[in-house]
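Subject: Handover of a structure for your study

Dear colleague,

Please find below the structure that I am handing over to you, followed by an account of what was found in it. I would be grateful if you kept the structure open while reading.

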Amino acid sequence: MTNPTLHSTSLTELSFDPASADEWMAFGALGHRMLDDMLAYLASLPERPAWRDVPHDVRAALDEAVPLDGMGADAAYAQFAQHVLPYPNGNLHPRFFGWVQGNGTPLGMMSDMLAAGLNAHLGGFNHAPAIVERQTIAWLAALMGMPGASGLLVTGGTMANTLGLAVARHAQASRRGRDVRRDGLQCWPGEPAESPLVFYGSSETHGWARKAAEWLGLGDRAFRRVPVDREFRIDAAALDGIMTEDRAAGLTPFCIIGTAGTVNTGATDDLNALATLAERDGLWFHVDGAFGALAYLSDALRPQVAGMERADSVGFDLHKWGSLPFECACVLVRDGAAHHDAFRTNATYLATSARGVTAGSATYFADRGLDLTRGFKALKVWMSFKADGVNKLARLVEQNVAQCAYLASLIDAHEEMELLAPVPLNIVCFRYRVPGASDTELDALNTELLTRIQERGIAVPSSTIIDGRFALRVANVNHRSKTADFTMLAESVVTIGREIVAERHTK
Ligand SMILES: *Cc1c(COP(=O)(O)O)cnc(C)c1O
């Protein structure tokens, strides 16, 4: 009858906590050392290479069997310090300009530590961390011109935008008498086939839209790519024409996506024109503002992304131009009821109560997206906004745009470099050029040039293809960059470009 283990006195009970006051002291000393080492590392970034490859012996050392028995925290930390810390991606560095990867901040790092220490569960519930997330979302909504909007902090722009499109799909299908939560987008036997739901964005839309179309069961065919103009903005007249043809062909348009800051060139669609089209046709208007939405914080830059405030939903990152540590992004949905209608499940094990831990609407965050157990991402946003003020972030956004204008002016003024796209915001696409060389030759030359700049640890730009031509691409969301870093980049491009040309002539 009795369970012997419940009465056992010989059982050694385990925990991951230090086991005594002395062990807590020792762990504390290690923790302080970790913090001191990390801060010293961050302070020394300008003297370090922008990137270096992971040496073979380090790769070999990292290839290990499952550690069934532990070596202790001190030894594990020593291996991190030796094998991991010296070989990051580079995105901490003042001359990292690749893709769109933020630097993170010391305060954001500490906030993440506090959030992990508290290990708060942000599915919802009745506690101070949940109040902080609600407040943070309310601030972000106000800052983005959508006061009172519903929202959720998520892992990244891909998830934020996908959730926006999921709400659009549900709300727009409901208006047409369809229940996509119940029926999916399947054709059930004996029931009439439904007209395919389709949505629109420019050919410059980021790859999240394809993943979302596939994942939401719409299929990639449902994402109608609209041509862009010379400035890489959606051709609104072409969009109107394609929507008319699609309707005539029996398709059901439900959403228009506008991009504030495209990933290739930083172009922003005419968001007001798109909002007007969506209003006219009763469609959902979603804005992908992964980094560009942050331009809304600046009085000087806001006109560039005007019309964003007319969106039904907006997705944007805080781990790109917001500089906070990965991962952190936000989706805002103007119609809070539509937001919850797309995700609420009312599970019995998540029931609410009048008082206690589940007082109120228990899982209000889990009802706004896919995750149930969610971490306390809001803390780093809340702490950083309070400590630094949003005005400082707006000034940093302006600083990055000014630095890109400066780099563009250096390129324009130098006959061995040329811009391959306009520079409306914080992205510069350019190449080293040689008079008389063909595009194919310049593609090969610039590919090699980019590799050398990265391998020598000078800087980390990335690349893209603009109108079929290989471009060096600088995306600047770097709060650590100084004007001199861009001067150095431009000089290195010319020096290494000449070096490669000279090698080819001697071959
Ligand atoms: C980066 C980016 C995304 C995707 O955001 P993640 O945070 O990387 O998931 C979407 N759209 C644009 C324009 C982006 O630059």
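Two residues are said to be in contact when heavy atoms of theirs lie within 4.5 Å. Please also bear in mind that this is a predicted model.

I begin with K380, a residue of helix 13 (residues 378-388). Leaving aside residues up to four places away in sequence, K380 touches G108, S111, D112, L324, P325, F326, E327 and C328. Is K380 buried or exposed? Its relative accessible area is 2%, and buried means under 20%, so K380 is buried.

Two of the residues that K380 touches, F326 and E327, are joined by a cis peptide bond, with omega at about 0 degrees. Most peptide bonds are trans. E327 belongs to the loop between strand 6 (313-317) and strand 7 (329-333).

N91 is placed in the loop between helix 4 (73-83) and helix 5 (106-118). A polar atom of the N91 side chain lies 3.0 Å from the backbone oxygen of G102. With a relative accessible area of 11%, N91 is buried.

Next comes the ligand. Which residues come nearest to the ligand? Of the 14 residues around it, they are G157, T158, D288, D317 and K320. A polar backbone atom of G157 is 2.7 Å from an oxygen atom of the ligand. T158 places a polar side-chain atom 2.7 Å from a ligand oxygen, and for a polar side-chain atom of H319 the distance to an oxygen of the ligand is 2.9 Å. On its own the ligand has 380 Å² of accessible area, and the protein covers 86% of this. The shell around the ligand consists of 4 nonpolar, 7 polar and 3 charged residues. Helix 7 (residues 157-175) supplies the largest share of that shell, 3 residues.

Two residues deserve a look for their backbone angles. Most residues other than glycine have a negative phi. N119, however, has a positive phi, near 45 degrees, and F232 has a positive phi of about 65 degrees. N119 lies in the loop between helix 5 and helix 6 (128-143), and F232 in the loop between strand 3 (223-226) and helix 10 (236-248). N119 is exposed, because its relative accessible area is 63% and the limit for exposed is over 50%. F232, at 6% relative accessibility, counts as buried.

Finally, please consider helix 16 (residues 483-506). At 1.5 Å a residue, its 24 residues should span 34 Å; the end C-alpha atoms are 35 Å apart, which agrees. The buried residues of helix 16 include F486, L489, V493, I496 and I500. Among the elements that cover the buried residues of this helix are helix 14 (390-413), helix 15 (439-455) and strand 9 (427-432).

Yours sincerely,
Your colleague

How values were computed: Residues are numbered from 1 along each chain as its sequence is written. This is a predicted model: local features need pLDDT of at least 70, side-chain atom pairs count only at pLDDT 80 or more; totals for chains, interfaces and linings use all residues. Side-chain values use heavy atoms; hydrogens and water are left out. A residue is near a molecule or strand if one of its heavy atoms lies within 4 Å of it. A polar contact is a pair of N or O atoms within 3.5 Å; within protein, one must be able to donate a hydrogen and the other to accept it, and residues adjacent in sequence count only if both atoms are side-chain atoms. Accessible areas come from the Shrake-Rupley method with a 1.4 Å probe; for residues, only the protein chains shown count as cover. Helices (H or I, at least four residues) and strands (E, at least two) are DSSP runs, numbered from the N terminus. Ala, Val, Leu, Ile, Met, Phe, Trp, Tyr, Cys and Pro count as nonpolar, Asp, Glu, Lys and Arg as charged, and the others, Gly among them, as polar. Buried means under 20% relative accessible area, exposed over 50%, partly exposed in between (1.4 Å probe, protein chains only). The expected span of a helix is 1.5 Å times one less than its number of residues.
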